[in-house]
Amino acid sequence: MPSLHLSAPAEQVNSPHSLLPFLQSQSEKTLNRLYERPSSCLSIFRLLAPLQQQIVMNLLWLESAIPSSTMAAWVVREGKRNYDTALTTLFRLHILTKSPIKLALNPTFKTSLRQALTGGGTTGSFGVPAPKDDTHPPMGIDGLDGYALERWETILHYMVSSGSGQNTMRPSKEVLFLLQRSGLMANSHGSLQITSAGFQFLLHSPHAQLWDLLLQYFQLAEERGMDLVEVLSFLFMLSTMELGREYTTEGMNGTDTASPTHKAMLNDLRDYGLLWQRSRSSRRFYPTRLATTLTSSSPPLPTSTGPSSGPKEGFIVLETNYRVYAYTDNPLQTAVLNLFVALKYRFPNLVVGSITRDSVKKALSNGISAEQIISYLIAHAHPQMRKNNPLLPVTVQDQIRLWELEKNRLKSQEGYLYTAFTSPADYELVLNYAKQLDVVLWENAVKRCFFGTLDGHANIKGFIERRTGGNA
Amino acid sequence: MDDDSNGSHLSVVLDLSPKYWELSARDPPENTYPLTLATFLSQLLAFLNAHIACRHENTLAVFGAFPGKSVMLYSSSDPLPDAQSTNTNANSYPPFHAVDSAVVQRIMTELDSLEDQSRRAELDLLEAPSAMVGAIAKALCYVNRITLPPSSNSKTQANGFHPGVLPDPRILILSISPDLSTSYIPIMNSIFSAQKLKATIDVCQIYGPNTVFLQQAAHLTGGSYIFLERRDALLQYLIMSFLPPPAIRKTLSVPTQEQVDFRAACFCHKKIIDIGFVCSVCLSIFCQPLPVCTTCRTKFPMKTLQRLNAARPLLATATGNSRSASVGRAAAVTNNGVGGLPHSGTIGNGNTSNGR
């Protein structure tokens, strides 16, 4: 079947979720504590690859361990490699217990995931809904989306405009600190400037951006002395909550009051737009769409549908003459385009510009790669563009890649230049010796000099010294 | 197309015939592994939750085939408003809670109303065969609706591009009652529409004998058919064979049938037959040679009729001895019916053939 061969490499290309490597680096004890909460198990389960999920599910309802050969008998021969990598990942996450012969789920994980699927228990890990609030009208989903969008775009917009010297709304101090810590922005001349990592970050999908920041946040949390398990489980709990429902901070951990970690997180996550509170000290909060879609792979983030942004799907039309038409009035999208497009005109709903050598060079020097530009254009292509095959004009794609190659015309290599040979014979002799060692990078017989690599130097030096010593 | 990032759709068709569930629940002397409706439902709900748990984008629809009536019990695209707002507690994931309560509640109310009706009408409606075909057809309609891009957005439709389309929809039929031979034609039609929609039909026969038609449905749509032997292990069966979407089945194989019973039902008496006579024009199947096809009114010459009638007792005795041979021959009959097109050139000749 041809489709079988087509799908196999596609599955390998899919990189695992960015959180999984982070979890793998945690100790078994930490993970076991995390697995105690059903909501965490459910969220982690969702982040696994489909094959891994199926393996977990096959084992979930078995009471005893089964020989690994029994499970392997179900594997089609072509899928053996995928299966083995899936098992390795599960071992590393300590979802499977380490044993070469028998396969079994980690008992803690098993109990919690079972509880998540069947409901029940008293862990309260899916969030405690707040009792009806009579004094305030409930917050609508539109309002929450608007809030999340506004918060998130403020962060991104601040990053984009930091280079241009425009004054935009500043995100809170904590956010700025996080951006700086994660290397997306750097302090230069007394003000924060976006780094090349930051430029690359801007071209990612909103979902990837969010997880990037959160991963940084986890690392920061550890340094701030917050309990990582509490941080993670709070976030996973948010991801399993229902959009448009109000939750209370009380009784989240079986205790009456929120722990200091939770209080700090409520503040931080409110700044990122993951949750909304009526006031800073409020004991109630609403998760926003940013939070509730954390564990989905292709999220319908409000960032792309909000009131001020362009159309839901792609908005960019790219022509073979390098012209770019972007149907958007969103300042953030315009600013991101400005990274690699020379903008010419602006209309109420349209921005026109063209991709030029200079504009791409500028982007490249900011650390953005040609592939990133192309993938951004593909991801945001206008529906009209989808008719084309290939999606982007080949000429433009190739040219962007060629411009990138231009940057790479020079290759630097460390080494030694050998000059001032007394006679052509001397020169020939040393050069031949160096050629035998295959360490010559460049030679010029007229000027009687050649350039050798770093690792060949000791030999050549020794050879010359032996020669001169012999003559003397 | 990156089919990993998208969710998959699962429609579940439940056979809820009270008569057979009662038979299935009887204790050991009659059943080695009794299975009551309540245990079945609790295991099914765990399976449904597992499907939703796999991906945030996964969608689910549940259809019930009640005696003489088919009902949509739950669908994730338009959840019941009252089920959403009812008590969410801190110990369960809201979507799971919504599915569980909706499915159980709807089944309860439907069964109650059926009982009411039958008492009022003084008829035993509960004995009636379950409306399996209706439920399958509804499931197919639902799949069709979610697979096609929404018509309101004509712009995306014109481009043949729609981001929200879910790949490889699946239908899982959990059947408990035996074949109903009158439903042969509608089931065959459902199979064809499923093939057209590229939907996979999986079948699990929970109780009673193998069903011929559903076996064919699974075989023809590339699904898997399982006859539940250890009924105490229902959930494990469900999860191992019916949870993985087609992409995963290429790595972790699922059981498929070794032998498929391809016998068809005749159009005249709705009997499942070993040897049929097929109209050469419209491919209708009959259990005996007819002078005029009842479906397309084609007249057949007397001579062929006589020849076929003369050959009939011979065929009957020959096939009566070895059943496997007859299955093979009947397979040819249905295969013609499935893959072949009506031979337009034979209208004038009016030949009757028995499939060979």
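This is a predicted model: local features need pLDDT of at least 70, side-chain atom pairs count only at pLDDT 80 or more; totals for chains, interfaces and linings use all residues.

Let me start with an annotation. UniProt, in an unreviewed entry, places the domain feature "Transcription factor Tfb2 C-terminal" at residues 398–464 of chain A. What does the chain look like there?

For the complex, the predictor gives an ipTM of 0.75 and a pTM of 0.75.

Now confidence in chain A. The average pLDDT is 79, and 88% of the residues score at least 70.

On to the strands of chain A. One open sheet has four strands, in the order E3-E6-E8-E7, and the pairing is antiparallel. Its edges are E3, residues 128–129, and E7, residues 275–276, each pairing on one side only. E7(A) runs antiparallel to E8(A), residues 284–287, and two bridges join them. Within that pair, Leu275(A) sits opposite Pro287(A) of E8(A).

Further along chain A there is a hairpin. Strands E11(A) and E12(A) form it, with four residues between them. E11(A) covers residues 342–346 and E12(A) covers 351–354. They are antiparallel, joined by four bridges. Which residue of E12(A) partners Arg346(A)? The bridge partner is Val351(A).

Next, chain B. The mean pLDDT is 75, with 76% of residues reaching 70 or more. Residues 151–164 of chain B fall below 50, and that stretch has 14 contacts in the model beyond near neighbours in sequence. Residues 318–356 of chain B also stay under 50. For those, the model has 63 contacts beyond four places in sequence.

Chain B has an open sheet too. Six strands line up as E3-E2-E1-E4-E5-E6, with mixed pairing. The edge strands are E3(B), residues 69–75, and E6(B), residues 225–227; each pairs on one side only. From one strand to the next, the twist averages 15°.

Look inside that sheet at E1(B), residues 9–15, and E2(B), residues 59–66. They run parallel, and seven bridges join them. His9(B) stands opposite Thr59(B) of E2(B).

Last, a helix pair in chain B. H2(B) spans residues 37–54, and H4(B) spans residues 94–121. How do they meet? Their axes come within 10 Å and cross at roughly 145°. H2(B) passes H4(B) in a right-handed crossing. From H2(B), the contact uses Leu41(B), Leu45(B), Leu48(B), Asn49(B) and Ile52(B). Facing them in H4(B) are Pro95(B), Phe96(B), Val99(B), Asp100(B), Val103(B) and Val104(B). What is the make-up by class? The contact of H2(B) with H4(B) has nine nonpolar residues, one polar and one charged.

That's my tour. Questions welcome.

Note on methods: Residues are numbered from 1 along each chain as its sequence is written. Chains are lettered from A and ligands numbered from 1 in the order in which they are written. Two strands pair if DSSP finds at least two bridges between them. Axes are lines fitted to C-alpha atoms, for helices over the stretch in contact, and angles run from 0 to 180 degrees between N-to-C directions. UniProt positions are given in the numbering used here, feature names are shortened, and annotations may be inferred rather than shown by experiment. A crossing is left-handed if the near helix is turned anticlockwise from the far one by less than a right angle, and right-handed if clockwise. Two residues are in contact if their C-beta atoms, placed from the backbone, lie within 7 Å. Ala, Val, Leu, Ile, Met, Phe, Trp, Tyr, Cys and Pro count as nonpolar, Asp, Glu, Lys and Arg as charged, and the others, Gly among them, as polar. pLDDT is the predictor's confidence in each residue, from 0 to 100.
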